Structures are given as C-alpha cells and as structure tokens.
Amino acid sequence: MNTIFRKSMLSVAGLAFAGGVFAGPIAAHAATPVDAKPVAVAVQAPKPQGDQSHITLNDEQTANVKAIIAATKKAGLPERAAVISIATSLQESKLENLGHLGDMNDHDSLGLFQQRPSSGWGTPEQITNPEYSTTAFLKGLKQVDGWQDMPLTDAAQTVQVSAYPDAYAQWEQQATDLVAQHWNS
C-alpha cells in the first residue's frame, strides 16, 4: 500500500513540475504589459493537387461561373464551396449547360454538373437550370462531413460519385482563380 501511495505522489509531483516548466515562462510574462497590435493573417487556399488543366472560357461559360457563385452566395456558403462547385462543373461539362447528348450521353446526365434525373437530382428542366443544379450540388456538399478542409477532389467525388474520382483536382487552380476574379463582381 505504501508503494502505491508513494508512486501516486511521485506521479502527481511529476505532473506539477512538468506543468510548471511549460506554464512558467508563459505565466512569468503574463504580468508584463504588452503593446499588442492587430495582425492581419492571410488565409491561404489549399495547394492544388497534381497537374492542373486550364481552358479559355467563352461568354456562356463565364455566365455559368457567375451563376454558380451567385447560387453559392445565396446558399450562404463560403468561397471554397464555389471553388469546389466550379472545379466540378469544369470536369463534368467544361462549364457548359449540356442537354441530352444522344449516343454520346453518359446515361441520362444533364447540365453543368452532369446530374441525372434517374438518380434523384431533379427533372431535366431543373437540372439544366444553373441556379437549381448548383443548389442541388451544394446541398450534397453540405452533407459531406469536413468538406471545407478536405482535398477538393475528395469533396467533389463524395457528392458526384464519378467513375473518375481524381479528375476534379486538375481544375482547382482555374476554379480558384475564377472565384477570386468574380466573387465580388
């Protein structure tokens, strides 16, 4: 019993010493007045993964970028959600609001995000409406735990369930640049 008591006391003393060593320097300076000034901290977007692709946008594609950004703002989501949405649309449709492509169509995929009516994304008319399709994508994105901090391609893939899960990453830099250019316009 004495051995157990003695070991317990030594453990408590060791913790107290360690706490004093680590907190001591902080506590010693706590009484010293500090001339604190606010410091601006730049928040950086995650570095894009892998090789990056880029396309030149026409007026329709630029209008679709602006529609995605407007829907993102309307949903009360941050710029990162717009970046993920635009990168996803770049991969799925090159930011073109695609209708049915006949034999070239991937199942019944339509619109900016190649969403499928048969998978519950909405009617063909809804899916080919940029605001609706973006809102539907964002609704799926909000259901992904930790989407804000995960790699773009993982967040997009969790919503889209693509046969090419890593393909979204190649559009991250262009999507980031487009959001930076159009978010406040």
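**View 1. Accessible surface and overall make-up of the protein chain.** The accessible surface of the protein chain comes to about 11,500 Å², by the Shrake-Rupley method with a 1.4 Å probe, where for residues only the protein chains shown count as cover. Carbon and sulfur atoms hold 58% of this surface. The model is predicted, so local features need pLDDT of at least 70 and side-chain atom pairs count only at pLDDT 80 or more, while totals for chains, interfaces and linings use all residues. Residues are numbered from 1 along each chain as its sequence is written, and side-chain values use heavy atoms, with hydrogens and water left out. The protein chain has 7 helices and 0 strands; helices (H or I, at least four residues) and strands (E, at least two) are DSSP runs numbered from the N terminus. Of its 185 residues, 35% count as buried, meaning under 20% relative accessible area, with exposed over 50% and partly exposed in between (1.4 Å probe, protein chains only). Contact means heavy atoms within 4.5 Å. Of the contacts between residues at least 6 apart in sequence, 59% join residues at least 24 apart.

**View 2. Packing of helix H2 against H3.** Helix H2 covers residues 59-74, and helix H3 covers 79-93. The two pack at an angle of about 145 degrees, with their axes 9 Å apart; axes are lines fitted to C-alpha atoms, for helices over the stretch in contact, and angles run from 0 to 180 degrees between N-to-C directions. On the H2 side, Val65, Ile68, Ile69 and Thr72 meet Ala81, Ala82, Ser85, Ile86 and Ser89 of H3. These residues divide into 6 nonpolar, 3 polar and no charged (Ala, Val, Leu, Ile, Met, Phe, Trp, Tyr, Cys and Pro count as nonpolar, Asp, Glu, Lys and Arg as charged, and the others, Gly among them, as polar).

**View 3. Pro78 in the loop between H2 and H3.** Pro78 lies in the loop between these helices. With a relative accessible area of 40%, Pro78 is partly exposed. Apart from residues up to four places away in sequence, Pro78 touches Thr72, Trp147 and Trp183. The C-alpha atoms of Pro78 and Gln148 are separated by 9.1 Å, although the two residues are 70 apart along the chain.

**View 4. The largest nonpolar core.** This core has 34 residues; a nonpolar core is a set of buried Ala, Val, Leu, Ile, Met, Phe, Trp, Tyr and Cys residues joined through side-chain atoms within 4.5 Å. H2, H3, H5, H6 and H7 each supply at least two of its residues, and H3 gives the most, with 7. Ile84, Ile86, Leu141 and Trp147 have the most contacts inside the core. Leaving out residues up to four places away in sequence, Ile84 touches Phe137, Leu141, Trp147, Leu152, Ala155 and Ala156.

**View 5. Helix H6 and its cover.** Helix H6 (residues 152-160) is mostly covered, with 7 of its 9 residues buried: Leu152, Thr153, Ala155, Ala156, Gln157, Val159 and Gln160. Their cover includes H3, helix H5 (130-142) and helix H7 (172-182). Gln157 counts as buried because its relative accessibility is 17%. Beyond its neighbours within four places in sequence, Gln157 is in contact with Ser162, Pro165 and Tyr168. Just after H6, Val161 takes a positive phi of about 55 degrees.
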